[in-house]
Each structure stands twice: as C-alpha cells, then as structure tokens.
Amino acid sequence: MAARSRYRIVFHNQGQVYEIYAKSVSHGSMLGFVEVEGLLFGERTQVVVDPSEERLRTEFKGVTRFFVPMHAVVRIDEVEKEGASRITEAGKGEGTLMPFPSPVFTKPGGDPVK
C-alpha cells in the first residue's frame with residue numbers, strides 16, 4: 001500500500017510565519033501562487049491544546065483550498081507524519097526566515113512586471 005503524501009508548508013502572512021500541513025500542494029491555476037488543499041490538523045483528543053493551532057483551525061474553518069503568493073513561501077517539505085501547525089512572529093523561532101526578494105516576475109529587459 002502506497003504511503004499517503006503529506007506536506008509541511010511554511011509561508012509569511014502579515015508579519016507572521018505560518019507552518020501548516022496539507023494533503024496536496026501544487027502550482028495551481030493562478031500564475032504566481034501555490035495552491036494548498038486538504039489541511040491537516042492534530043487530533044482534538046489531546047489533553048494539551050496548542051493555542052496557535054486552534055487559531056489556525058479557526059482561521060481556516062470551512063476552507064477547502066487556498067492560494068499562497070509564491071514570494072511568501074519559505075519552504076515546502078514532503079513529510080512522513082504531520083506535526084502541530086503553528087504561527088510564530090517573523091524573525092523569532094528557529095533561525096531567521098527570509099522571503100524571496102520581490103518582484104519574482106520580470107520583463108525580458110529586467111524591469112518588474114506591472
């Protein structure tokens with residue numbers, strides 16, 4: 001039996017770093033965006049409740065698919081087991097995370113696309 005794919009997606013959103021787990025990640029149909037589907041959250045049967053995971057669960061309640069701007073993505077990993085989703089302040093936590101420099105898309109002459 002083939003193992004089920006799971007992905008950890010780390011991205012910047014309004015001065016914070018989101019780390020979420022999902023079943024599917026692709027380039028999507030919108031140019032410059034990463035499509036994320038099938039969010040995975042930890043079991044609710046745990047005695048200890050992580051407030052940042054609960055905040056994410058509430059923020060993404062009812063969302064089946066969402067798009068993250070490509071320049072906001074820090075990394076995407078295929079993992080064996082999902083962990084706890086979390087939100088941290090940018091610049092805090094494990095190491096320093098830097099987004100890709102903007103703009104990502106340029107005209108053939110090197111000028112930014114407007």
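Guide: We can begin with strand β1, residues 6-13, where 6 of the 8 residues are buried. Keep in mind that this is a predicted model.

Visitor: What makes a residue of β1 count as buried?

Guide: Buried means a relative accessible area under 20%. Over the chain of 114 residues, 29% count as buried.

Visitor: How do you know that β1 pairs with other strands?

Guide: Two strands pair if there are at least two bridges between them. There are 6 bridges between β1 and strand β5 (residues 73-79), and 7 between β1 and strand β2 (residues 16-26). Both counts reach the cut-off of two, so both are pairs. β1 runs antiparallel to β5 and also antiparallel to β2.

Visitor: What does Y7 touch, leaving aside its neighbours within four places in sequence?

Guide: Y7 lies in strand β1. Its contacts include I20, Y21, A22 and V25, and also I76, D77, E78 and V79. A contact requires heavy atoms within 4.5 Å. For V25, 18 residues away along the chain, the C-alpha atoms are 7.3 Å from those of Y7.

Visitor: Which residue takes a positive phi in the hairpin of β1 and β2?

Guide: That is Q14, with a phi near 50 degrees; the hairpin has 2 residues between its strands. In the hairpin of β2 and β3, with 6 residues between the strands, G28 has a positive phi near 70 degrees.

Visitor: How do you know that β2 and β3 are paired?

Guide: β2 and strand β3 (residues 33-40) share 5 bridges in the antiparallel sense, and a pair needs at least two, so they pair. Here S26 stands opposite E35 in β3. β3 is also joined to β4 by 5 antiparallel bridges, with F66 in β4 as the bridge partner of V36.

Visitor: How many aromatic pairs are there?

Guide: The count is 3. In one of them, F11 and Y18 are 5.3 Å centre to centre, with 25 degrees between the planes.

Visitor: Why is the pair of F11 and Y18 called stacked?

Guide: Ring centres must lie within 6.5 Å, and 5.3 Å does; planes under 30 degrees apart count as stacked, and 25 degrees is under 30, so the label is stacked. F11 and Y18 are both buried.

Visitor: Why is the pair of F60 and F66 called tilted instead?

Guide: Their centres are 4.8 Å apart, which is within 6.5 Å, so they pair. F60 and F66 are both buried. Together F11, Y18, F60 and F66 make one aromatic cluster.

Visitor: Which residues of helix α1 are buried?

Guide: In α1 (residues 51-59), they are S52, E53, L56 and R57.

Visitor: What puts them on the same side of α1?

Guide: They span an arc of only 140 degrees around the axis, so they share one side of α1. P51 and T58 are exposed on the other side. The buried residues of α1 pack against β2 and β6 (86-89).

Visitor: Why is V63 called partly exposed?

Guide: V63 sits in the loop between α1 and β4 (65-69). Its relative accessibility is 33%, which lies between the 20% limit for buried and the 50% limit for exposed, so V63 is partly exposed. Its C-alpha atom is 8.6 Å from that of E37, 26 residues apart along the chain.

Visitor: What is the overall pattern, and how confident is the prediction?

Guide: The chain has 1 helix and 6 strands, in the order β-β-β-α-β-β-β. Its mean pLDDT is 79, and 70% of its residues reach 70 or more. Confidence is highest in β1, at a mean of 93, and lowest in α1, at 82.

Notes
Residues are numbered from 1 along each chain as its sequence is written. This is a predicted model: local features need pLDDT of at least 70, side-chain atom pairs count only at pLDDT 80 or more; totals for chains, interfaces and linings use all residues. Side-chain values use heavy atoms; hydrogens and water are left out. Buried means under 20% relative accessible area, exposed over 50%, partly exposed in between (1.4 Å probe, protein chains only). Helices (H or I, at least four residues) and strands (E, at least two) are DSSP runs, numbered from the N terminus. Rings of Phe, Tyr and Trp (its six-membered ring) pair if their centres lie within 6.5 Å; planes under 30 degrees apart count as stacked, over 60 as edge-to-face and the rest as tilted. The arc is that of the directions from the helix axis to the C-beta atoms. pLDDT is the predictor's confidence in each residue, from 0 to 100.
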